[in-house]
Amino acid sequence: MTELLEAQRAIGIFLETGGDVLLLIMFVTFALWLLILERFYFNLFQHRKLFNDTVAKWEARQDKKSWYASQYRTMLISQAKAQIEANVSMIKTLVAMAPLLGLLGTVTGMVEVFDVMAVLGSGNARAMASGVSKATIPTMSGMVVAISGLYFSFMLRRRADREVERLSDTLVQE
C-alpha cells in the first residue's frame, strides 16, 4: 500500500513539475492506449467472427457472377473494412498530436521563464528552473507517447490492410 501511495505521489510531483500541458498529454496517452487495447481486443476475439460471418453471407448467395453480385461483394468488403479499420485513424491522430502537445508545453514553459526573467532578471537561475522544467518535461513526454504509439499504429494499420486483402481474396467471384 505504501508503494502505491509513493508511486501516486511521484506521479503527482512529475505532473506538477511538467505543468498543465503534461496533464493534457496524460489524457491523450490514456485515450491512445485505450484505443490500441480496443483494437487488440477486436483482433483477438471479434475479428474471426466478422470474417466468418462475411464469408458465410457471400457463400449463401446463389448468384456470384452478375454485376449485382459484384456490388454485393464490394458492400460486404466495405462493411468489414469499416469494422477492421475502426479507431486506427484516431490512433494515428493521437500519435501525431502528442509531440505537438509537447511543443505546446515547451512554449508555455519558456513563457514562464521569460516572465521570471522580466520580473527578477536573468541572474536568478533557481527561479528560472521551474519554467525550464515545464518546457522540457512535456516535450520529452510527448515524444515518448508518440514513439510508443507510432509502432502500434503502424502495426494495426498493416494488420487491417492485410485482413481486408485476405477477405477480398476469400470472397471469390465465379
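1. Terms first. A residue is called buried at under 20% relative accessible area, exposed at over 50%, and partly exposed in between, with a 1.4 Å probe and protein chains only. By that rule glutamate 163 is buried, because its relative accessible area is 7%.

2. Basis of the note. This is a predicted model, in which local features need pLDDT of at least 70, side-chain atom pairs count only at pLDDT 80 or more, and totals for chains, interfaces and linings use all residues. Residues are numbered from 1 along each chain as its sequence is written, and side-chain values use heavy atoms, with hydrogens and water left out.

3. Helix α1. Helices here are DSSP runs of H or I with at least four residues, and strands are runs of E with at least two, numbered from the N terminus. Helix α1 covers residues 2-18, which is 17 residues. From first C-alpha to last, α1 reaches 24 Å, close to the 24 Å expected at 1.5 Å a residue. That expected span is 1.5 Å times one less than the number of residues.

4. Record and model. An unreviewed UniProt entry lists residues 21-42, 100-123 and 135-156 under "transmembrane region". UniProt positions follow the numbering used here, feature names are shortened, and annotations may be inferred rather than shown by experiment. In the model, residues 21-42 are 100% helix and 0% strand, with end C-alpha atoms 32 Å apart. Residues 135-156 are also 100% helix and 0% strand, and their end C-alpha atoms lie 32 Å apart.

5. The core. A nonpolar core is a set of buried Ala, Val, Leu, Ile, Met, Phe, Trp, Tyr and Cys residues joined through side-chain atoms within 4.5 Å. The largest one has 17 residues. Those with the most contacts inside it are Ile25, Leu32, Ile36, Ile91, Leu94, Val145 and Leu156. Helices α2 (20-59), α4 and α5 (125-170) each give two or more residues to this core. The most come from α2, with 7 residues.

6. A surface patch. Leu100, Leu103, Val107 and Val111 form a nonpolar patch on the surface. Together they have about 370 Å² of accessible area, computed by the Shrake-Rupley method with a 1.4 Å probe, where for residues only the protein chains shown count as cover. Patch residues have over 30% relative accessible area and no salt bridge; nonpolar side chains (Val, Leu, Ile, Met, Phe, Trp, Tyr) are joined within 5 Å, like charges within 9 Å. Valine 107 sits in helix α4 (residues 88-120). Its relative accessibility is 46%, so valine 107 counts as partly exposed.

7. A salt bridge puts a side-chain nitrogen of Lys or Arg within 4 Å of a carboxyl oxygen of Asp or Glu. The structure holds 7. Lysine 49 pairs with aspartate 53, with the closest N and O atoms 2.8 Å apart. Both lie in α2, 4 residues apart, about one turn of the helix. Lysine 49 is exposed at 55% relative accessibility; aspartate 53 is partly exposed at 35%. Arginine 166 and glutamate 163 also form a salt bridge (3.0 Å, N to O). They are 3 residues apart in helix α5, about one helical turn. Arginine 166 is partly exposed at 31%.

8. A link across the sequence. Glutamate 85 and arginine 157 meet in a salt bridge (3.2 Å, N to O). Glutamate 85 lies in the loop between α3 (67-84) and α4, and arginine 157 in α5, so the pair ties together parts 72 residues apart in sequence. Arginine 157 is buried, with a relative accessible area of 19%.
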